[in-house]
Every structure is written in C-alpha cells, then in structure tokens.
Amino acid sequence: MQIGISTASLFPRYATEDALKKIMQSGAECAEVFFSTFYEYRPEFSKSFARDVKSFPVNSVHANSVNFEGNFFNPSRRVRGDGFYWLDQLCRSAQLLGCKNYTFHGFHRIASGGGRDNFDELASKLSEAAYFAQSYGVNLCLENVFWSLYNRPGVFGELKARIPVLQGVFDIKQARRSHYPYQAYLKDMSGSIAYVHLSDVDQKGKICLPGEGLYDFEEIFKMLKEEGFGGNILVEVYDGNYQSEEQLFRSVQYLKELAYKIF
C-alpha cells in the first residue's frame, strides 16, 4: 500500500506536470495525474515529462469527465467513436507514465439520488470501454460520484456482475455528497476497490485535509481492510480546502503512519 496525492489537490496553483513534480518531492509515495483538459490527454503531453517520473509510481490517470465520458453511452456510433478516440489517447498516456488505472465517472446525471437504470443496457456500453482500456493494460475504475453514473450504492454491484474486469474507486467526499453512508459504498465495492480518494470534513461541513476534520480514519481503514482492500490511498482535496502545501504534505504523513498501524 502507498499513500499519495492527486494533482487535482494542487490545481490550479500548478500546471499538471509541475504539480506532479511537487508531489514527488513531498514525501508522498504515489500520485494520481488528473488531466485537466483535452490538451493534456494526448500522449505527446505525457511524453514531455514521463522520463522525469519514471521511478515514481503513478497510481492512476483521471480526465475531466464532462469532456467525453458520456459519449460511451450515446446511441450514435459517431459520438461513441469520439469517446474511444480520447480513451485511446488517455490509455497511451497512461502507458507512458507506467500507470495501470483510469478513474472513470461516466455520464452526467440530471439529478442525484435513486433512479431506475437499465443495467443490461448500461453494462453493454460500459463494457466496451472497459475492455478497450484493458487492451492497453489499463483498468477502468468506476468512482462513486454523486452526480454521475455511480450515484448510489448498488450501481457498482449491478455493473460488476455484468463486467467482471470493472474496478471501483471509493471517494469519501462523493459518498457524503450523495447522502448515502460511505459504509454502503464500501460494501457495494467489496473485493473490487482498486484505490481510494480521501478528504475530511469539518464541523461546518467544509472539505478539509484528512486528519483535520471529523472522520475517524482509523475506523475507515479497518473497514477497508475488512473489505479486502489492498490498493493505494490518495489525498484528493481542492485548492481552497487548505492553506499551505506543508499542510497537505503533513496530511500524507498522518495517513502513512495510520496505514502502517492498521494494514
């Protein structure tokens, strides 16, 4: 297990490649590269700094999902084709960075909460993307995002039953925003949680760094262990959720020490 940081945590104060270099110097053990726009999805972009990070583990890549991920679920073959074009670009970028995971959101739902989904139809579309990514050695990892495809517990289990190669990403802030207990997501993804995005929340309900808020991370880590989790843990907060980079790096150290104790 490694404890790392998503480059999203340093956006927009640093460009993606510079954020990654900062993370490499921070004491973090791995990173997620959150590409912010189409310009960064192309392998030519990753190639420009891939050599600099060759010895540093890149756990996952992430795209701005509203750019194209909804294309995979469109009835138009042409629209889906554009989605696969950009998935090809991202997977080749992941290969350059020695990365084997892609954090995936899917389509943007009109509203969060419950709903009636045709899981056979959704899985038929999602499986095409999942197996396409697999052909590059990249796992498609569905994140529990409250406004997107995996907006409630149960969705992952239904899709996983139809797409065996599908993996999950547990994000605690997204679980909170969905108004479902995070424990329900852990159960839903049990045995298939590829990695985790962590943040914390203060008494006012504002996102903060792990260790600075109300969550009992010792309990959360024990639950992850019970669910068979052995992947990496990444701090993913936003630029306005902390004051200094030193705070961010201290949070990583806190999680490293706790992970050593629990796992």
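A polar contact here is a pair of N or O atoms within 3.5 Å; within protein, one must be able to donate a hydrogen and the other to accept it, and residues adjacent in sequence count only if both atoms are side-chain atoms. This is a predicted model, where local features need pLDDT of at least 70, side-chain atom pairs count only at pLDDT 80 or more, and totals for chains, interfaces and linings use all residues. Residues are numbered from 1 along each chain as its sequence is written, and side-chain values use heavy atoms, with hydrogens and water left out.

1. Let's start with Asp 171. A polar atom of its side chain lies 3.1 Å from the backbone nitrogen of Gln 174. Asp 171 belongs to strand β6, residues 167–171 (strands are DSSP runs of E, at least two residues, and helices runs of H or I, at least four, numbered from the N terminus). Its relative accessibility is 0%, so Asp 171 counts as buried (buried is under 20% relative accessible area, exposed over 50%, partly exposed in between, with a 1.4 Å probe and protein chains only). Beyond neighbours within four places in sequence, Asp 171 is in contact with Glu 143, Asn 144, His 197 and Glu 236 (contact means heavy atoms within 4.5 Å).

2. Now the ends of α9. Asp 216 caps the N-terminal end, with a side-chain oxygen 3.2 Å from the backbone nitrogen of Glu 218. After the helix comes Gly 228, with a positive phi near 80 degrees.

3. Two backbone details deserve a look. Most residues other than glycine have a negative phi, and most peptide bonds are trans. His 179, not a glycine, has a positive phi of about 70 degrees; His 179 sits in the loop between α7 and α8 and counts as exposed because its relative accessibility is 74%. The peptide bond from Phe 11 to Pro 12 is cis, with omega near 5 degrees, and Pro 12 lies in the loop between β1 and α1.
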